[in-house]
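Have the sequence and the 3D view open side by side for this one. We'll go stop by stop, with the cut-offs spelled out as they come up.

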Amino acid sequence: MDRPTYADIVAALPIVHAHVKPTPLYEWPALSKLLGCRYYLKLENHTPTTAFKVRGGIHLLARLPEDQRRCGIIGCTTGNHGQSLAYASRLFKVRCVIVVPCNNNPDKNAAIRALGAELVESGRDYDEAREHCEALRHREGLRYVHSANEPDLIAGVGTYALEIFDDLPKPDVILVPVGLGSGISGTCLVAAERSPSTQVIGVQSELAPAMTLSWRAGKPVQGDTPRTFAEGMATRVPAEMTLAIMRRYVRDMVLVSDDILREAIRLLLRMTHNLAEGAGAATTAAAMQLRESLAGKTVVGVLSGGNLDLRELARILNDFP
């Protein structure tokens, strides 16, 4: 399967923008002052599914061959990828089956069902759910849509990076949360073309570091069952296509604790009135952790999604002094 290119992302833009408006890129001066840099947030929580993934689902479904549309699609998710496929499938009138881990975020499950997808719950974590998904795909003859190893998916989500560079042509650093790497792969491809001096840095939870360990080792490294509350980063088996792109273009990978993720969620809610899920807050958590090395620079943090489990939000706010 060919990897996506910058040209593919440019070609995806009008398809995505036919259904999703460009999201804001804002700087809050108080937040910049606190972090010691010019800090801009790319608000991908301002999409129809409250996450960046919807861009990829729309682009992939728009380009799906007619025979595959007739068969229907299946995907595995902890939420945002599933909502993306469900949203796009409703637009293009395609059957959609989504497999999630047991005890998944109930609000994300409800959103997937509300969009018309068939929801299947299986496995202790994302990767066990994925194994069930792949078996179900063969039994039912569905077109499996992996959450990362899909060129059209990466090209679709990469359109948010085009919007970043249209608004801010030469940022010094872009911080991107990483689950399996579709978002950072698209960002890298755009940055390499539009502003090669811009450093693209990935962020993961230290409790789910498989892609970071793989990037550092130069080969796939499988992790243990993730223990992070940030389900958007909770993977233990790396993705081949995105890892190859990341190895070529990503400047660095940063691991953050769940405690600092929670602190970042509170900070974003207090200073910007934006609700971020764990993965969405990861870039701000990294900016807090990297404050010294980012001092005086122009930095973009991708707030990738706002679908935070309300039970977790209650715990985060209850811990606020």
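**Around helix α6**

At the start of α6, a side-chain oxygen of N105 comes to within 2.9 Å of the backbone nitrogen of D107. That makes a polar contact, meaning a pair of N or O atoms within 3.5 Å where, within protein, one must be able to donate a hydrogen and the other to accept it, and residues adjacent in sequence count only if both atoms are side-chain atoms. Helix and strand labels come from DSSP runs (H or I, at least four residues, for helices; E, at least two, for strands), numbered from the N terminus.

Before going on, some ground rules: this is a predicted model, so local features need pLDDT of at least 70 and side-chain atom pairs count only at pLDDT 80 or more, while totals for chains, interfaces and linings use all residues. Residues are numbered from 1 along each chain as its sequence is written, and side-chain values use heavy atoms, with hydrogens and water left out.

Which residues of α6 are buried? In this helix, residues 106–114, they are K108, N109 and I112. They sit on the same side of α6, because they cover an arc of only 105° around the axis, the arc being that of the directions from the helix axis to the C-beta atoms. "Buried" here means under 20% relative accessible area, "exposed" over 50%, and "partly exposed" in between (1.4 Å probe, protein chains only). The cover over these residues includes α5 (80–92), β4 (96–100) and β5. Just after α6, G116 takes a positive phi of about 100°.

Now look at the loop between β4 and α6, where you'll find N103. Its phi is near 65°, a positive value in a residue other than glycine, and N103 counts as exposed at 78% relative accessibility.

S122 belongs to another loop, between β5 (118–121) and α7 (126–140). This serine is buried, with a relative accessible area of 16%. Leaving out residues up to four places away in sequence, S122 touches V99, V100, P101, C102, E128, A129 and H132; a contact means heavy atoms within 4.5 Å.

**Over to α13 and beyond**

How do α13 and α16 pack? Helix α13 (residues 258–272) meets helix α16 (residues 310–318) at an angle of about 85°, with the axes 10 Å apart. Axes are lines fitted to C-alpha atoms, for helices over the stretch in contact, and angles run from 0 to 180 degrees between N-to-C directions. The two helices are therefore roughly perpendicular to each other, a label for 65 to 115 degrees (under 35 is roughly parallel, over 145 roughly antiparallel, the rest oblique). On the α13 side the contact is made by R262, I265, R266 and L269, which meet E312, L313, I316 and L317 in α16. The residues of this contact divide into five nonpolar, no polar and three charged.

H273 lies in the loop between α13 and α14 (278–289). Here is another positive phi in a residue other than glycine, near 60°, and H273 is exposed at 67% relative accessible area.

A230, in the loop between α11 (210–217) and α12 (240–249), counts as buried at 1% relative accessibility. Beyond its neighbours within four places in sequence, A230 is in contact with L261, G278 and A279.

Last stop: R291, in helix α15 (residues 291–294). R291 is partly exposed, with a relative accessible area of 41%, and its side chain reaches the backbone oxygen of L34 at 2.7 Å.

Key:
Ala, Val, Leu, Ile, Met, Phe, Trp, Tyr, Cys and Pro count as nonpolar, Asp, Glu, Lys and Arg as charged, and the others, Gly among them, as polar.
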